[in-house]
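Thanks for coming. I will go through one structure today, so please have the sequence and the model on your screens.

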Amino acid sequence: MSDAMPNSLHTREPPLLQTIGLTKRYGDFLANASIDIDIFPKEIHALLGENGAGKSTLVKAIYGLIQPSAGEIRWQGERIVLSGPSEARSRGIGMVFQHFSLFENLTVAENVALGLDGKESFKDMSARLEQVSKTYGLPLDPRREVWQLSVGERQRIEIVRALMQNPNFLILDEPTAVLTPQEADQLFIVLERLKAEGRAILYISHKLEEVKRLCDTATILRGGKKVATCNPRQETAASLARMMVGGEIKEVKAAASRQTTVPRLVVNDLTLAPDEPHGVRLEHISLELKGGEILGIAGVAGNGQDELFAALSGERLAKDPGTVVIEGIAAGHLSITLRRKLGAAFVPEERLGHGTAPRMRLSENALLTGHAASGMVRHGFIDTAATLKTVDKATKTFDVRKAKRDPEAASLSGGNLQKFIVGREILRNPAVLVVSQPTWGVDAGAAAIIRQALLDLAASGAAVLVTSQDLDELAEIADRIAVMFHGRMSVPLAAGEATREKLGLLMGGSSLDQKEVAHAARA
Amino acid sequence: MELVEAIILSVLAASTPLLIAATGELVTERSGVLNLGVEGMMIMGAACGFAGAWLTGSIIIGAICGIIAGTLMSLVFALMALGLAVNQVATGLALTILGIGLSGLIGAGFVGERITPAPHLYIPLLTDIPLIGRVLFGEDAFVYLSIALIVGVWRFLYRTRAGLILRACGDNHVSAHALGYPVLRIRTLAVMFGGACAGLAGAYLPLAYTPFFIPGMTAGRGWIALALVVFSSWRPGRLVVGAYLFGAVTILQLHAQGWGIGIPSQFMSALPYLATVIVLVLLSRARTGGSTAPAALGTVFVPDR
């Protein structure tokens, strides 16, 4: 442990918030094991760690959402026991949640009012809301209902709501996960300003470059324990990652690919109306994907990626069969099973409930996608041995760690389940793989295995379509990158040309006339 | 003229129990809880309300007994569906079956007895105004109460902070919890309010509508109240429209059958349902975007500690 305070400034001022030996136990599981952390005024303090390292548990305890099993929290030197979030807020601790704690069918002003103690009238509050949002350059219309707003705007509500309590200490849980690079830059300006005003910020993020740029101090958790406190500016992204993972992360490397001349997946001018009230309409989407190629689709969540996945997988059918062509066969009207028979495979974003049936065993889940074309069914009966063999093979090839040979899907950790799902599809030797957010919420080790598997699959001649919000991931594996915005897709850029700035602009919707672009892509 | 007045009076009488029960269920559902036990709570309110009134001779005590019975029934629901996080649909259905059985047992001794029904208001001169006098100034207390109730609920939901918090719980209980609101306590109170209203609506039947008790006398009104909440897209204003429309078509089709129009009576009996569904569907088409149902409706919430 390198606990030496990196910033000499801090030795003079007492910490604003301290946890001493903070421990949280759930049954036999230690979510936080005796964590000490000091947060000083005028500091942006990063909290790093993989999923399940205990970051959320720690901030929940600091925000009063859960009670620690042992240890204490000190606020301005004084021991405090928080009865709940409202007490934390009244003391000056604010929080911006990763999964926004917003109410879709209420207005912006109502959402903000719910986060305050309600001592001022609704009218005064609305006036103050406009004033705060103007002061910090976070424009909001208080009368709009939240479901009408973009993700970036929603986050603004959360931040404004927290700022209206005038907190001395603000917790942000992965605030940039859903933002475009430009939106993130704007957020950093606000955070720097808050810091200059003398407030402290606890900043949770997976994005190490961002942490190096923004944060003064970093505390790293692993397996519920604190492993280090350091100055991220003096570390490299690789050394921070090593501390998070506790070992080296394998570099992914692309093998020489065998690009086919004939496209294996083609989308021709696909337009599809949404089937639910808040859905996105797909507009004139066209793309062409040859074997051996990985096409990345970037974009802020909710810009039509889910709808595109549904249209490609056959969960939603297109009226015109020619809009989706798999292996040269018009498949727009075909069901998901028939598309699988053509050699396509699909990995949706949501692991539990979409990718797998949570309460079914892995072998049964293997059957659910493999029944069409993998010889797991004979004369209408399930070949149990074959399904188990698939599980064993996926386990071995993709290093799936589990307690039993054939457990329920829900009992696996996110990373291991994702390895199983990707493995299950890859073992079918698909001609076309469509995968959505392949490493969302997956730890770094598993993410590397999954990315390598996608590269290997492409190298073996398959066409791979990856939707991801992680630009670094796309830069690592994709040959070309396109951006989705409001249901339209940009012309794919070659990976070498696709800088963060260019992609960021496209993700924010600024680009050429999109219709021309879509037609150009087809030509 | 006499006939029009009589029809309006009977429409108000037929609509009032629906309006009271649906108002309660609207509040319950706005907090995110689907209580399908309205019929069971209503029939318990009818049995206990009649028993209370018959034993004491007081309509007011009868109404209070009905409210208490409905509330107690809703507490059974709250214990199961909120405390133990049991499936709300199953619990609600069980509550209806329990209510129908239990009310038969409690009311068995009172079948065939009669009471004096709740008196109608009489203000000299005002009540004597032709046509509108009796409609506006000559109703029983339940009718005025039901209107005060829905206006009060509307103001509560949209004009008070407590109402905002209740709607927030119905929209997203995880967020409400994360902001520090006691979701389960708020929902329990909403369920109890729904039970109290259902009990009162049930008590209205033997205390004012027909001055005697027979088992099963709610005759599906609890289910209609539930449907009205859905068709009103959880909005108090539309609920009033729906309740009175349903009552109106019920009464009109009875008169129409009396006039001997050559349409099968079964079709006429189905008219109130059809008319209400059509009108409320047309009303909700007017809304642009946004989900109409409370987003967390019917989902189980277990707070982490």
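How many strands form the open sheet in chain A, and in what order? Six strands form it, in the order S6-S7-S8-S3-S9-S10, and the pairing is mixed. Please keep in mind throughout that this is a predicted model.

Let me stay with that sheet. Its edges are strand S6, residues 93-96, and strand S10, residues 225-230, of chain A. Each of the two has a single partner strand, so one side of each is left without a neighbour in the sheet. On average, neighbouring strands of this sheet are turned by 20° against each other, direction ignored.

Now one pair inside it. Strand S7 of chain A, residues 169-173, pairs with strand S8 of chain A, residues 200-204, in the parallel sense over five bridges. To find the place on your screen, look for Ile171(A), which stands opposite Leu202(A) in S8(A). Helix H5 of chain A, residues 151-163, lies across S6 and S7 of chain A and runs at about 175° to S6(A).

Next, the domains. Chain A is divided into domain 1, which is 8-92 + 167-245, and domain 2, which is 263-355 + 430-522. The C-alpha centres of these two domains of chain A lie 35 Å apart. Where they meet, nine residues of domain 1 of chain A are in contact with 10 residues of domain 2 of chain A. On the domain 1 side, helix H6 (181-196) and helix H8 (237-245) of chain A each supply at least two residues. H8(A) gives the most to that side, with three residues. By type, the residues of the domain 1 side divide into five nonpolar, three polar and one charged.

On to the interior. In soluble globular proteins, nonpolar side chains tend to be buried together. Here the largest nonpolar core has 229 residues. Those with the most contacts inside it include Tyr203(A), Leu454(A), Ala21(B) and Leu228(B). Helix H9 of chain B, residues 183-209, gives the most to this core, with 16 residues. Domain 1 and domain 2 of chain A both give residues to this core, so it lies between them.

Last, two backbone details. Most residues other than glycine have a negative phi. Asp399(A), however, has a phi near 55°, a positive value. Asp399(A) lies in the loop between helix H12 (384-398) and helix H13 (414-426) of chain A. Is Asp399(A) buried or partly exposed? Asp399(A) counts as partly exposed, because it has 14 C-beta neighbours inside 10 Å.

The second case is His486(A), with a positive phi near 50°. His486(A) is found in the loop between strand S21 (480-485) and strand S22 (488-489) of chain A. With 15 other C-beta atoms within 10 Å, His486(A) is partly exposed.

That is the end of the tour.

Definitions and conventions:
Residues are numbered from 1 along each chain as its sequence is written. Chains are lettered from A and ligands numbered from 1 in the order in which they are written. This is a predicted model: local features need pLDDT of at least 70, side-chain atom pairs count only at pLDDT 80 or more; totals for chains, interfaces and linings use all residues. Domain bounds come from an automatic or database domain assignment. Two residues are in contact if their C-beta atoms, placed from the backbone, lie within 7 Å. Helices (H or I, at least four residues) and strands (E, at least two) are DSSP runs, numbered from the N terminus. Ala, Val, Leu, Ile, Met, Phe, Trp, Tyr, Cys and Pro count as nonpolar, Asp, Glu, Lys and Arg as charged, and the others, Gly among them, as polar. A residue is buried if 20 or more other C-beta atoms lie within 10 Å of its own, exposed if 12 or fewer, and partly exposed in between; C-beta atoms are placed from the backbone. A nonpolar core is a set of buried Ala, Val, Leu, Ile, Met, Phe, Trp, Tyr and Cys residues joined through C-beta atoms within 7 Å. Two strands pair if DSSP finds at least two bridges between them. Axes are lines fitted to C-alpha atoms, for helices over the stretch in contact, and angles run from 0 to 180 degrees between N-to-C directions.
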